[in-house]
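Colleague: I have the model open and would like to learn how to read it. Can we go feature by feature?

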Amino acid sequence: MKFSVVASLVSLASLAFAVPNPLPGSSNIVVRDPAIIYNPNSQKYFVFSTDEGIKMFTSPSLTGPWTRVGSVLPNCSKVNLSGNCALWAPDIGILYNAYVLYYSVSTVGSQSSAIGLATSYTMEPGDWYDWGTVITSSPGGAYNAIDPNIIDSNGIHLSFGSYWDGIFQVPMLNASTASASPPGTHIAGNSGRPAEGSYIYKPPSSPYWFAFFSDGTTPFVGATQRPAPGQEYKVLVGRGNSPSGPFYDQAGNALTQQLNPPTGSLVLGSHDNVYAPGGQSLYHDPVSNRDIMVYHYIPNNAFGGPSYLGINYVDFSSGWPVIVS
């Protein structure tokens, strides 16, 4: 009987701490590094994704149906670097009453990279203007100019970075011009750590700013071998009192520290049929009035295939982000 009671308690605890699966309706939408925003005029959600000049999807609700509607820059970016037709890791926001979309131009493993900017008043296909290069990086430097994230709070800030010496942030003079030379303020990562894809977010309900980032190995299509358990992509976080940090994890360690295990508190890792989630962005959904996180993941039962769109609600009432139903 004692064993039965203990087993029941363990089972209940497991249920209590189970990570919710992604919302239904997007398990067939192939994406990497998604960003989301809602357009109240057209009453549509827009999701932007890596590849094909930044893929675009729209939906009347978070649970779909999602429709592929074209690309932001179908004729390539004016940034004169290899990879200027694929384009990676978009970030979408609003500045000066226009939609601003920052994108990455690079190739895998290269530090010859740039972050570019496109703008639109509607976000509809064909209504995007490409401003070209915002910042660049080159081999031998401390940073890689990919994975942009724009923050508008007490001035405009641009966060970026992947591997190398980590994730950084520079102040912006305007949407297309940095007011200081990169790399700027060190946000997270160091010494080649596989930390990338930062997203700096302040939920309306919290006094804190949160620095989300992806950490680990992200498998690509055609992969035949999984990373060692725990070394695959996952979403980590730290929090601070300003959008420029410093940011600390729940153990009190700065995200820039070189420690083992690495710094950052787990928000979302592999679970159930979700493998290697990452490439995340956060958004306060004006329809549900809830915080959400969008990300890509590989189905556990289809390793080696493409990644798909995951959407989950996030709760900050404990002081830290928790994935909830």
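Modeller: Start with a definition. A salt bridge is a side-chain nitrogen of Lys or Arg within 4 Å of a carboxyl oxygen of Asp or Glu. By that rule, a search of the whole structure finds four salt bridges. Some ground rules come with it. This is a predicted model, where local features need pLDDT of at least 70, side-chain atom pairs count only at pLDDT 80 or more, and totals for chains, interfaces and linings use all residues. Residues are numbered from 1 along each chain as its sequence is written, and side-chain values use heavy atoms, with hydrogens and water left out.

Colleague: Which side chain meets Glu124 in a salt bridge?

Modeller: Lys44 does, at 2.9 Å from N to O. Glu124 sits in the loop between β7 and β8, Lys44 in strand β2, and 80 residues separate them.

Colleague: How do I read accessibility for such a pair?

Modeller: Buried means under 20% relative accessible area, exposed means over 50%, and partly exposed is in between (1.4 Å probe, protein chains only). Glu124 has 26% and is partly exposed. Lys44 has 22% and is also partly exposed.

Colleague: Where do Glu52 and Arg68 lie?

Modeller: Glu52 is in the loop between β2 and β3 and Arg68 is in strand β4, so their pairing ties together parts 16 residues apart in sequence. Their side chains meet in a salt bridge of 3.1 Å, N to O. Glu52 is partly exposed at 47%. Arg68 is partly exposed at 36%.

Colleague: Is Arg193 buried or exposed?

Modeller: Arg193 is buried, at 9% relative accessibility. Its salt-bridge partner is Asp215, with the closest N and O atoms 2.8 Å apart. Arg193 lies in the loop between β13 (185-188) and β14 (195-201), while Asp215 is in strand β15 (residues 209-215), 22 residues apart. Asp215 is buried too, with a relative accessible area of 7%. Arg193, Asp215 and Lys234 are linked in a network of salt bridges.

Colleague: Which side chain of opposite charge is nearest to Asp91?

Modeller: First, the counting of charge: Lys and Arg are positive, Asp and Glu are negative, and His and the chain ends are not counted. For Asp91, the nearest opposite charge is Arg32, 16 Å away. Asp91 is buried and has no salt bridge. Asp91 is found in strand β5 (residues 88-95). A polar atom of the Asp91 side chain lies 2.7 Å from the backbone nitrogen of Ile150.

Colleague: What is the order of strands in the open sheet that holds β5?

Modeller: A pairing rule first: two strands pair if DSSP finds at least two bridges between them. The order is β5-β6-β7-β8, four strands with antiparallel pairing. The edge strands are β5 and β8 (129-137), each pairing on one side only. Inside the sheet, seven bridges join β6 (residues 98-105) to β7 (residues 113-120). Val105 stands opposite Ala114 in β7.

Colleague: And the other sheet?

Modeller: Another open sheet has four strands in the order β18-β19-β20-β21, again with antiparallel pairing. Its edge strands are β18 (274-285) and β21 (322-324). Eight bridges join β18 to β19 (residues 290-299). Leu282 has Met293 in β19 as its bridge partner.

Colleague: Where is Asn289?

Modeller: Asn289 is in the loop between β18 and β19. Its phi is near 60 degrees, a positive value in a residue other than glycine. Asn289 is exposed at 58%. Gln43 has a positive phi as well, near 55 degrees. Gln43 lies in the loop between β1 (35-39) and β2 (44-49) and is exposed at 53%.

Colleague: Which residues form the disulfide?

Modeller: A disulfide is a covalent bond between the sulfur atoms of two cysteines. The cut-off here is a pair of cysteine sulfur atoms within 2.5 Å. A search of the whole structure finds one. Cys76 and Cys85 form it, with sulfur atoms 1.9 Å apart. The link is right-handed, with 95 degrees about the S-S bond. Cys76 is partly exposed at 27%, and Cys85 is partly exposed at 38%.

Definitions and conventions. Helices (H or I, at least four residues) and strands (E, at least two) are DSSP runs, numbered from the N terminus. A polar contact is a pair of N or O atoms within 3.5 Å; within protein, one must be able to donate a hydrogen and the other to accept it, and residues adjacent in sequence count only if both atoms are side-chain atoms.
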